[in-house]
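Work through the exercises below with the sequence and the structure at hand. Try each task before reading its solution.

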Amino acid sequence: MNRLSGIFQTYCWRIIVLGLLITSPSASRAQTTGGSGYQLDAYDIRGKVFTSVENEEEGSPYFNPQWVKGMVKFSTGHWVSQIELRYNLVDQQLFFRKNEQMFLFVDTVREFLLSPSEAPGQSLRMFRSGYPVNGKFGPSTFYEVLADGSRIQFVRLLLRKMLIQNNYAEGTRKVYKDAPLLFWYQPSSGKWVNADHQVEELLQAFPELTETVAGFVKSHRSKLRKEEELAELAVYLNQQ
């Protein structure tokens, strides 16, 4: 079995639920909230126009440089699909496009799924907000969910910073640099644990998991050093 298959299985139920929403007769009716709402098929979503300023920079602030179709779940619980999205990693903002115009969502986005590009074979990646405060990051921060579950979650915070570099030959230039962070999150306690040092800090925070983690290491012959292995561990912990 592919090393990542266990991770992607955690998303299957979401795709099934979304399919039911899209094919259900009720999906074509407008979902109203305070007088204006979403029409799931036509995605008549409230948004405010955003004017993008093109600067001379190396790289892009966006997770997906091109517009790609994705799925969005609002804090009301309503889903929309087949909507063109772009995710800005610098400002942590999600945009949608309608009639060639770029918009910011007015209503609170709780989750969204998209792929980095429209290239064949790209897998959907899921992002979620609404988590409790994590240091300087608040509930509006989006985390990429690498492994979901009610016992433990393994998530990545994708950050991209714009830096100014001075080069004697080339002069000043602006470049983007990725600075991702990995975390464990326990839903029952709302507790965050840094995952950049693999599994050690997880066991320090939750010593009751020591025996289960040891069982995973033995059965999977894993050193728990790679990101994929940590995600597999999270899936395993949620199955116990």
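Predicted model: local features only at pLDDT ≥ 70, side-chain atom pairs only at ≥ 80, totals over all residues.

Residues are numbered from 1 along each chain as its sequence is written, and side-chain values use heavy atoms, with hydrogens and water left out.

**Exercise 1.** Describe the salt bridge between R125 and E144.

Solution. 
- Step 1, the term: a salt bridge is a side-chain nitrogen of Lys or Arg within 4 Å of a carboxyl oxygen of Asp or Glu. The structure holds nine salt bridges.
- Step 2, the distance: from N to O, the side chains of R125 and E144 are 2.7 Å apart.
- Step 3, the place: R125 belongs to strand β9 (residues 125–128) and E144 to strand β10 (residues 143–147), so the pair links distant parts of the chain, 19 residues apart. Strands (E, at least two residues) are DSSP runs, numbered from the N terminus.
- Step 4, the exposure: buried means under 20% relative accessible area, exposed over 50%, and partly exposed in between (1.4 Å probe, protein chains only). R125 has 25% and is therefore partly exposed, whereas E144 has 4% and is therefore buried.

**Exercise 2.** Which parts of the chain does the salt bridge of R160 and D178 tie together?

Solution. 
- Step 1: the N to O distance of the bridge between R160 and D178 is 2.5 Å.
- Step 2: R160 is in strand β12 (residues 160–167) and D178 in strand β13 (residues 171–178), so the bridge ties together parts that are 18 residues apart in sequence.
- Step 3: R160 counts as buried because its relative accessibility is 16%; D178, at 46%, counts as partly exposed.

**Exercise 3.** Is Q153 buried or exposed, and what does the residue touch?

Solution. 
- Step 1: Q153 is placed in strand β11.
- Step 2: its relative accessibility is 6%, so Q153 counts as buried.
- Step 3: contact means heavy atoms within 4.5 Å. Leaving aside neighbours within four places in sequence, Q153 is in contact with residues including R128, Y131, D148 and Y185.
- Step 4: two of these contacts, D148 and R128, have side chains that meet in a salt bridge of 2.7 Å, N to O. Both D148 and R128 are buried.
- Step 5: the side chains of Q153 and Y131 make a polar contact at 2.6 Å. A polar contact is a pair of N or O atoms within 3.5 Å; within protein, one must be able to donate a hydrogen and the other to accept it, and residues adjacent in sequence count only if both atoms are side-chain atoms.

**Exercise 4.** How are the rings of F74 and F105 arranged?

Solution. 
- Step 1: rings of Phe, Tyr and Trp (its six-membered ring) pair if their centres lie within 6.5 Å; planes under 30 degrees apart count as stacked, over 60 as edge-to-face and the rest as tilted. The structure holds 20 aromatic pairs.
- Step 2: F74 and F105 are 5.8 Å apart, centre to centre, with 70° between the planes, which makes the pair edge-to-face.
- Step 3: F74 and F105 are both buried.

Terms used
Helix = DSSP H or I, 4+ residues; strand = E, 2+ residues; numbered from the N terminus.
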